[in-house]
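User: Please examine the ligand site and the aromatic contacts of the structure shown below.

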Amino acid sequence: MKALVCVEHGPPEKLVLQDLAVPEPGPGQVRIRVRAAGVNFPDTLIIRNLYQFKPPLPFSPGGEAAGVVDAVGEGVSHVVPGDRVIAMTGHGAFAEMLVAPANAVIPMVGDMPFDVAAGFTMAYGTAHHALKQRARLQPGETLLVLGAAGGVGLAAVELGRLMGARVIAAASTDEKLALARAYGADATINYTSEDLKERVKALTGGHGANVIYDPVGDRFAEPAFRAIAWDGRYLVIGFAAGEIPRLPLNLPLIKGAAIVGVFWGAFTVREPETHAENMKELLGWFAQGELKPHVSARLPLERGAEAIAMLMERQARGKVVITMD
Ligand SMILES: NC(=O)c1ccc[n+]([C@@H]2O[C@H](COP(=O)([O-])OP(=O)(O)OC[C@H]3O[C@@H](n4cnc5c(N)ncnc54)[C@H](OP(=O)(O)O)[C@@H]3O)[C@@H](O)[C@H]2O)c1
């Protein structure tokens, strides 16, 4: 089988396409013929040894996949060969075959296409958990989404609208903002040409945003926080812009606001029942046509390095997916 392999840590161009033996599923494992794999920001970090999880070399990056069950190990009964499934594995998905622990494999619903399924779980799972359990977003509240055209950002725009919030989308280009508008944003801010704090204030009659969803961090975090409403919730999602920001703690004091951490991967392990309910709700919304995942680019495995580089160069819109056929 072919696999994109990280043999030494470094930028995407260091990845190599290799022919490897097909892995055997052990007890409690499932072998999947991967049809598509979602590209996520952690893939840009894991290959450079900058992510919190550090698989031993050599390894294939790729945290999520959709495909068809090919074989199951002893003790696996919830899926059988031939089933269409989604797998969340952290790494290993940029390969034609993936062996995953059974508890990381869930059946796909209806006729969801493989490329859509491959990029669905992490983006929507993170945004949904953040807005629902962590922020307790209420209908009528104002939600500010930074990086609003990226993977987890665009999902938050769409889910915020669905949950009844007024959504303000912030991103770096007008083209990205047009996409966010198409996904339900009521207002937009171009944070490369406009003052983020002043624009949020102006758009909210001086009150500020009730919930701020921040996958970007760095220099965007403090101006955004300065535009939070009384009793606001600031969701720490990630630091795609680089630096982990430091906030003066007088700011949450003055606003009676909360800084709320979000770690979706840990949530799925620590609170499996709530995670399962969340996935059921998300897949139900998809089946009803309420969610329309945006796959902006599909690249073959041989161009996997290019796919990862698209995220590092801020070119990705919605999801970038690697396809195997
Ligand atoms: N907390 C969790 O559980 C969780 C789960 C999944 C992902 N995340 C994190 O969420 C963040 C976004 O992940 P993603 O997969 O959605 O990535 P993505 O699709 O690449 O989106 C990231 C966005 O960040 C913005 N950005 C600003 N400066 C950037 C820079 N220097 N390089 C790259 N992007 C930059 C870009 O929007 P503009 O060009 O508009 O600024 C881009 O759309 C990452 O930090 C990731 O680790 C966290």
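This is a predicted model: local features need pLDDT of at least 70, side-chain atom pairs count only at pLDDT 80 or more; totals for chains, interfaces and linings use all residues.

User: How many residues surround the ligand, and how do they divide into nonpolar, polar and charged?

Analyst: The closest residues around the ligand are S172, K176, Y191, V262 and W264. In total, 26 residues surround the ligand. By class, the shell holds 17 nonpolar, seven polar and two charged residues.

User: Which elements give two or more residues to the shell around the ligand?

Analyst: Helices are the elements to name here, and the shell takes two or more residues from each of α1 (41–46), α3 (121–134), α4 (151–162) and α11 (304–312).
The ligand also has a place relative to the domains: both domain 1 (2–120 + 293–323) and domain 2 (123–265) contribute shell residues, so the ligand lies between them. The elements asked for are α1, α3, α4 and α11.

User: What kind of aromatic pair do Y191 and F220 form?

Analyst: An aromatic pair is described by the distance of the ring centres and the angle of the planes. The count of aromatic pairs comes to five. For Y191 and F220 the centres are 4.3 Å apart and the planes are at 40°, which lies between the limits of 30 and 60 degrees, so the pair counts as tilted.

User: Where in the chain do Y191 and F220 lie, and are they buried or exposed?

Analyst: Y191 is in the loop between β10 (187–190) and α6 (196–203), while F220 is in the loop between β11 (209–214) and α7 (221–225); the pair, 29 residues apart, links distant parts of the chain. The relative accessible area of Y191 is 12%, and that of F220 is 6%. Because the limit is 20%, Y191 counts as buried, and F220 likewise counts as buried.

User: Is A178 buried, exposed or partly exposed, and which helix holds it?

Analyst: The relative accessibility of A178 is 46%, so the residue counts as partly exposed. The helix that holds A178 is α5 (residues 174–182).

How values were computed
Residues are numbered from 1 along each chain as its sequence is written. Side-chain values use heavy atoms; hydrogens and water are left out. A residue is near a molecule or strand if one of its heavy atoms lies within 4 Å of it. Helices (H or I, at least four residues) and strands (E, at least two) are DSSP runs, numbered from the N terminus. Ala, Val, Leu, Ile, Met, Phe, Trp, Tyr, Cys and Pro count as nonpolar, Asp, Glu, Lys and Arg as charged, and the others, Gly among them, as polar. Domain bounds come from an automatic or database domain assignment. Rings of Phe, Tyr and Trp (its six-membered ring) pair if their centres lie within 6.5 Å; planes under 30 degrees apart count as stacked, over 60 as edge-to-face and the rest as tilted. Buried means under 20% relative accessible area, exposed over 50%, partly exposed in between (1.4 Å probe, protein chains only).
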